[in-house]
Each structure stands twice: as C-alpha cells, then as structure tokens.
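Here are my notes on the model, written as numbered points. Have the view open while you read.

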Amino acid sequence: MAEPKTKYDRQLRIWGEQGQTALEKASICLLNCGPTGSETLKNLVLGGVGSITVIDGSKVELGDLGNNFMVDESCVGQSKAKCVCTFLQELNDAVKAKFIEEYPEALVDSNPSFFSQFTLVVATQLAEDSMMKLDKICREANVLLIFARSYGLTGFVRNSVKEHAVIESKPDHFLDDLRLNNPWSELKRFAESIDLKVPDPVAHKHTPYVVILVKMAEEWAKAHGGALPSTRDEKKEFKELLKAGMVAMDEDNYKEAIEASFKVFAPRGISSDLQQIIHDSCSEVDSNSSDFWVMVAALKEFIVNEGGGEAPLEGFNTRYDIFN
Amino acid sequence: MDTIEVSNLNRQFLFRQSHVGQSKAKVARDAVLRFRPHISITPYHANVKDSNFNVDFFKQFNVILNGLDNLDARRHVNRLCLAAEVPLVESGTTGFLGQVTVHVKGKTECYECQPKPAPKTYPVCTITSTPSKFVHCVVWAKDLLFAKLFGDKNQDNDLNVRSNDAARSSKNADDVFEWGENEDIEQYGRRIYDHVFGYNIEQALSNEETWKNRNKPRPIYCRDVLPDIMTQRNGNNVDKTDDLSSASAMASLGLKNPQDIWCLMENTKVFIEALKLFFTNRRKEIGNLSFDKDDLLAVEFVTAAANIRAASFNIPLQSLFEAKGIAGNIVHAVATTNAIVAGLIVIEAIKVLKKDTESYRMTYCLEHPSKKMLLMPVEPFEPNKSCCVCSETPLSLEINTHRSKLWDFVEKIVKAKLGMNSPLIMHATALLYEVGDDLEEDEIANYNANLEKVLSELPSPVTGGTMLTVEDLQQEFTCNIHIKHREEFDEEKEPDGMVLSGWTQALPEKKDAKTSNGNGASTSKSLPTKPGNTEIDTEVKEISDGTVSPGTKRKLSEFSDGSPVDHSSDVDETRNNKKIQKHDDEDELVMLDHWDSDMSKKQRLP
C-alpha cells in the first residue's frame, strides 16, 4: 500500500507518481566519480533512480578522503569506481549499481555504442575534446547528456539534449478561461436559452456570469463584424456595457462578469507556439514515434476536425462525482 | 530530540533503514566519525529549548548552525545567540526552495528583525460552520471530530454534541458521542456519522442568515450512502493475535492506492471501518489519542471524515495522500536542495570563522532563475532599530483591562507572539507571574490565582497607561509593553481581543500562484525582479495543537494551509491564538523572509 513508498513520500509531494516512475525507470552512466560525480549520484540514488553505472579508471588516494563522502580510509589504493559504487549501494538497495574500472576518455574512443543503453550520461571533469566526441555519440543515440566540472568555488553544469518533450507541464498559472471567446455548441445553446433581461430581479442576479459574458460577447461580435474587443478602448467599452446591464448594485454575477471579462478578449484559435508544434514533421507519426508525438498527432486531428480550429477545452482535474 | 523516520531516508544520507527509530543526533555523529575520524562530536538527544542549553552553553562556540524545523525554536536560539554574542547561521529548505542567512549581533539583523509570517489559522466559525476549502474540513476532522472521539474527554470541544433541543435545556443532557456500554460498534459509528454529517448540518441550515450569500451544505445520512451493514472482512479485527497496532481500514476494505480519491460511499466505509478498528483493537488508547500523521488508522479516519464533510459542502474531495499532507503539515523535501543549502551554510560558516564580515551574505535558493540566477546573494542589513528582540524597543498593547485575564496575556502575547518559553512578568516592582523549577508552593498558588484575574484586578492593578515588563531569563530577552485600555474589539478581525503593536507585525502571505502537486508550503512561484512577494512561510506548515491542561480554555488548532490545492485561499488574518506545539520530527522548514520589506529603506552594511 502506502508503505513501500513511504521512503519517497516527501519527494512524491514534489513530482508525483509520474516523476517518481520516470526516475525509477532511468539508467544513469557516470563518468569519473570524483566529488562532483559522487555527489550527483548520491542525490539520484537517494531518490530511487533505477540503475547507475560508474566509470572511473583511477584508484583512491589520500587526497580523495577529504572531499568525497563515498570513499573512506579502507578504500585507499582500490578502484575509486568500486568504492563509490559500494557506498552508493548502501544508500538505497533498490538501486542497481555497477562499476567499470576504466578511463572514460578511453571508453569514448573505443566503445561509443556502450552509451546507447543509458537514459542519461553524466560526464564530470572531462576535457573538451572528449566532451565533443561524447556529445556526438549521445546525440546520435538519443541519450541525454549532462556535463559538469567544478574548480574550487566555481564550476559549470551543461545540458545537451536533442529534444525534451513535456506533456504535463504543471504551469504556475492555470489558464481558466473556459474558452468563452469561442464557446462550444452546448454552451452556446445553453446561453441562448437564457434571457439576460429577465424581469424577475432574483433571476436577473442569478444569471451565471459565464452566460452574461457569452451573450454580451456575441452581441458585440455582431455589431463589430464578428470581432471581439481587442483594443484597450474596446475592452473598456465592453466592461461599461456589462455594467450597464446591472439593474441593482448587489448583482455579484455582473461584478464577476466584469472581473472575468478578459476571458472573452483572448484571440480565437491556437497560439503560434502550438501551431509550430503541430506542424512539426514529427507529428506525422509512425510506429517508432514517441508518446509525445502521438499525442500531438491526435491533438492536431482534433483541432482540424471537431475543434474547428480550437484546442480541446482544458478540463478540471478534481472530482465532483461525490454522489456515487 | 528527533528520531529517524523512514521518510527521512530519501535525503538524510547519514541514516540507513536500520537506524529508523534511533536518535538522529547520535547516529549522525557515528556516521560522520566514519568518514572523518578523530574529531570531537558531542550528540545531545534533547530539546534545544531545555534549560541546560543556556547562555553559558552557547558561549562555548565560535558559530552556531541552525537546522531547525519550527519558528519557535529558531526564535529561542536567536535570542540565546544574541545573549551569548555568538554568530548564528540560519537556514531552511522546502521543496526546491531554500535559504541561508547570517546573524551577528550588532552588525546584522537578528533573526527576528524581519517579521516571519505566523502559522496560518482559521476562525472557529469557518471550521465549525462555514468551511469553503478542503483544509477547513481537515481541521474539523482532526481537531474536532477525532479529538472528540479519541482524545481527552475533558477538553472542551467546539463540536456540537447535543442531540436535540430538549436535551440541550436539560442539565444532564447526554453527550451523543458517548459510546454505550454494549453498543454495537457499527451502530455507534453510524450514529456518530448521522449526528455530525446529518443532524448538525440540518441544525446549521436552520439559521437562514448564515446561508444568505453562501452555498448551502446538504445533510448526509449513513443509511442513504451505505444502506447495508458492513460485514466482517476475513482476518482483520476478529483475530486479536494479529498485530493490532497496524490495523488499517484501507487494508480491510481493499483500497490499495493512497493516491486514489475515494467516492462518498468509500469514504463512508472507511469512516465506519476505521472507527470499528479503533474500538476493537485499540480501545485502551481511546481517550488519550492525539493525531499522529504516522498513525495510518488515524490518517484514514481523518481523511474519510474530512471528505464526507467536503462532500456535504460541495468541496472537491482529496486522496489520503493529500489529506495526510495537510493534516500532518508535511513539507515536501528532496536531497538536492538540502545539499545546496548545506554547502552554502558551510561557506558562510567559514566566512564567520575568518571574521570576513564584508563577505557575509544571505543567500536564497530559488526554483526558477531570476535574472538568470538560481542562487541570490544579498548583503545583510543592519539591525532593525525597532526590533523588540535585539534593539529592546518597547511595544504597545491594546487590551480590555477589565475583561482580559492575565492568563490571556500570557498565552496569547507572551508565549505565542513574543515566543517566550519561561516568562517572568513584572508590573513596576510587583512580580505578577513567573515560571521556574525552584518556586515554592505558595508562590505557584499565588501566580495561578493571578492568572485567573482580569488585569485591572491584579494585586498590582494593570490599567491603561501603565507598563508591563516581560522577560525570559533563559533567552535573556526583555520586553517592555505599554498598556492601552480599549473597550471593544472586532470579533472577526481581532478574535483575541488584544492588539500588539510597535514591532513590525507579520505581513499576510500572498498566495498568487498555484502549484499542482503535493503538499508544499504556500509558495509564490512567480519571483520578483524587484523584490516582491517571495514568501515561503513554511512556518505556515506548523501545526499547533491545543495541548492545554484539562478544564481550562478550549483551543482550536492553529492550522496550516500548506496544500497548493488550496492556493486560491484568501488571506486570513484572524487568529485563534494557540500554544504552538513543535513537531520536531518534521524536516527542516524554510523561512523565506519578505524580500521586499523595506529593502529600500534599510541600510546595507558598508
């Protein structure tokens, strides 16, 4: 039940099941397990990464004891990769840990195809020419690559990734516009069934603000050749029109409509960013395509057909079916 | 004084599975000695607020490094460091955010110069009558219902216990929550259910005024949701040789995934089943139980109860995982942020040891780069001249001296607002109250008597225009408070009936961003380019239970609205002032101060 995952509870609250699964499926290759590399792997191992492979040709020296948690006195003279691996394994026995006592530069030259098995290669303290070679190898194999070097109190981290696709982007601000600027047919029909100028004051102040906006927007569009308020003056004028529709001062629905009027100012159709994605050649999918591109292909079809030029409406992700 | 928990193991790398349950201080020491033998590490498995950690103790050190997880302890250590004149490196993390700050007496601000947001609390009526967010339902389920059913019976409780009007008027009205001698547990459970989710809601609905501008709740009765009596499941509570303490309603009901959102019926089943399991397997504990986030059955019960209440009030339901995070004030935490902040702490500590004053920095670790920087270093400010802690500025208190008692003053102002642990209260030369181990019985009796008196009727009457001096000897913190008499206070905005001023008060949190997952501190993710509104008030996550001696005032918890699920929350400044109970088994929390506060007005160090 909850128990196997209790260890990861605190981080699950950051990246959820999806993030945790991605982490647990990943296989990492570390090149050089000095302080930088060891620290990197330590954090991944604690988090439950699927597997790690440590590549380092050096032996542990006295100087290493002062800057690396993953070696101790008894390791001096032994393979650093072996020692670091052993320590890392202690941190989390769910992680598969392997090591290869070999210099990364040599491996890059002699066996480039070795790297294709990994999800991510973390290359630390590599010289530039090896970095260039490795970058090419990883790009071709579609393997993520991160370079890192540190010197005293400075250093750098550099990603090299061909393409990173995110489906659930978890934006900071959830755009909740209900697409009132181009209502779908059921909403339109619903709005049509309601008379804004209903004489009964109670009914008048209970007309949902969404309906008010949809109807007023339609009226405006009719009077403006099908366009919605776009300039600052037009938006102001639209708000005034809404205000004029109030028959009493305490009509919260009208106040809400005024506050939410920006929802009808949004331009219709999809953004240029989205255009770019659906028209990317990768959206012509085949059996090799990634999940991301398959979803893009589906989205494209929707937009062209049912959507009539619009993307599907953003849905709620909380449950309201409490009456089961 | 913390012990190692399983959930620590995703980041506290000095600990292993085999260490769970052991003292963090001791195990950490042993682990460090393994990779750095021959250094002197003395572990104290104790509360940092213990009286033996006094000024002399702190004077032994060249620098203090804080890794605390609650505001109260941080303030306490801050005062001791000021008294001992030892530099303090403060820090905290939550999720991807973190910070490190340096405090040197006389040179920089002390930890309390900039007000820290106080834990979020909710008005009693919101919890008992008009919840609008899931967190309100959780507070109700945990601090009212759970407390009433399983906690101290003598404690006052805001839950309506009377079952009908006639009963209310009779002197020996039955408490409907009392379990009958041989009452069938499921019957009892259904009875409770109907009372709190059915009857109490009907009662509330009868007051039309409340619902004029609010959505009405609907009463829910057990028979409508779960018409059939739940039959015994195989092998759960019948066999007492089982491990009773690990009884779980979810397990009995076959609900496997804590991240699932249960429907009303499932929540009802969990409610009844959990109640059954408590009464069958853990009867001895009933009457003494307080909510513990690691007590699965308690979490199940609270989740179910909160969800049913939410259903009644048309608030979206949440999973056990989410509810647990809210009820347990769980802070999300990960290895990397802590590694970064730890590194920064060491860097500042080295500067302090070298006395490299010009280089001290307050460093903020952000989630998203601001002006291309993920780590924002800021030069420390000079001490705040109106800080009542390090600048001994007097404060003013508006209070009704004829109505408020000394007790109110001590609890709400001295302990809660001023953060004093063992206060001493003087009025001119008269000692009105003190706390200590070496007091005589008659002295204690005298002080207790004083607590019950209203201010104007104390042996040395405290009226408008006079001044009280409050001190905490251990913290070496003295504060002078000018008393101003005021007749009326706004019940909603000033529920304590007192207003303390003169010390820049904590500003309300601004929650303008939503996060989508997990239970985080209320973070404003949009970062300011000019200092704006980065408030990580993980302190907000602190929960305080009303652990007051029986028979005295009832308290409703200060509660934290930690969940991003609740990000649309309005700022609620009204407080029910409660004693803060430290949940020291929490992870390091972060206090990200207000970036903006008076940055322009303050002087930086030259």
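1. A word on charges before anything else: Lys and Arg count as positive and Asp and Glu as negative, while His and the chain ends are not counted. The place of a charge is taken as NZ of Lys, CZ of Arg, CG of Asp or CD of Glu. On that basis chain A has 35 positive and 50 negative charges, and their mean positions lie 2 Å apart.

2. Some ground rules. This is a predicted model, in which local features need pLDDT of at least 70 and side-chain atom pairs count only at pLDDT 80 or more, whereas totals for chains, interfaces and linings use all residues. Residues are numbered from 1 along each chain as its sequence is written, chains are lettered from A and ligands numbered from 1 in the order in which they are written, and side-chain values use heavy atoms, with hydrogens and water left out.

3. On to the overall look of chain A. It has 12 helices and 6 strands (DSSP runs numbered from the N terminus: H or I of at least four residues for helices, E of at least two for strands). Its radius of gyration is 29 Å, well over the 20 Å that the globule rule gives for 324 residues, so chain A is more spread out than a compact globule. The radius is taken over C-alpha atoms, and the rule is 2.2 Å times the number of residues to the power 0.38. Along the principal axes, the C-alpha trace spans about 90 × 45 × 40 Å.

4. How much of each chain is buried? In chain A it is 40% of the 324 residues, and in chain B 56% of the 606 residues. Buried here means under 20% relative accessible area, exposed over 50%, and partly exposed in between (1.4 Å probe, protein chains only).

5. Strand 1 of chain A (residues 27-31) is worth a look: 5 of its 5 residues are buried, so the strand is largely enclosed by the rest of the structure. S27(A), C29(A) and L31(A) cover one side, with I28(A) and L30(A) on the other. Strand 1 runs parallel to strand 2 (residues 51-55) of chain A, joined by 5 bridges (strands pair if DSSP finds at least two bridges between them). I28(A) has I52(A) as its bridge partner there.

6. L134(A), in helix 5 (residues 128-141) of chain A, has a relative accessible area of 0% and is buried.

7. Chain B has 15 helices and 13 strands. In its strand 2 (residues 88-94), 7 of the 7 residues are buried. L88(B), E90(B), G92(B) and T94(B) point one way, and V89(B), S91(B) and T93(B) the other.

8. What does strand 2 of chain B pair with? Strand 1 (residues 64-65) joins it in parallel through 2 bridges, with I64(B) partnered by L88(B). Strand 3 (residues 97-103) runs antiparallel to strand 2, with 7 bridges. Strands 2 and 3 of chain B form a hairpin with 2 residues between them, and G95(B) in the turn has a positive phi of about 60 degrees.

9. Finally, V435(B) sits in the loop between strand 8 (430-434) and helix 15 (441-451) of chain B. At 37% relative accessibility, V435(B) is partly exposed. Beyond neighbours within four places in sequence, V435(B) is in contact with S422(B) and P423(B).

Conventions: Contact = heavy atoms within 4.5 Å.
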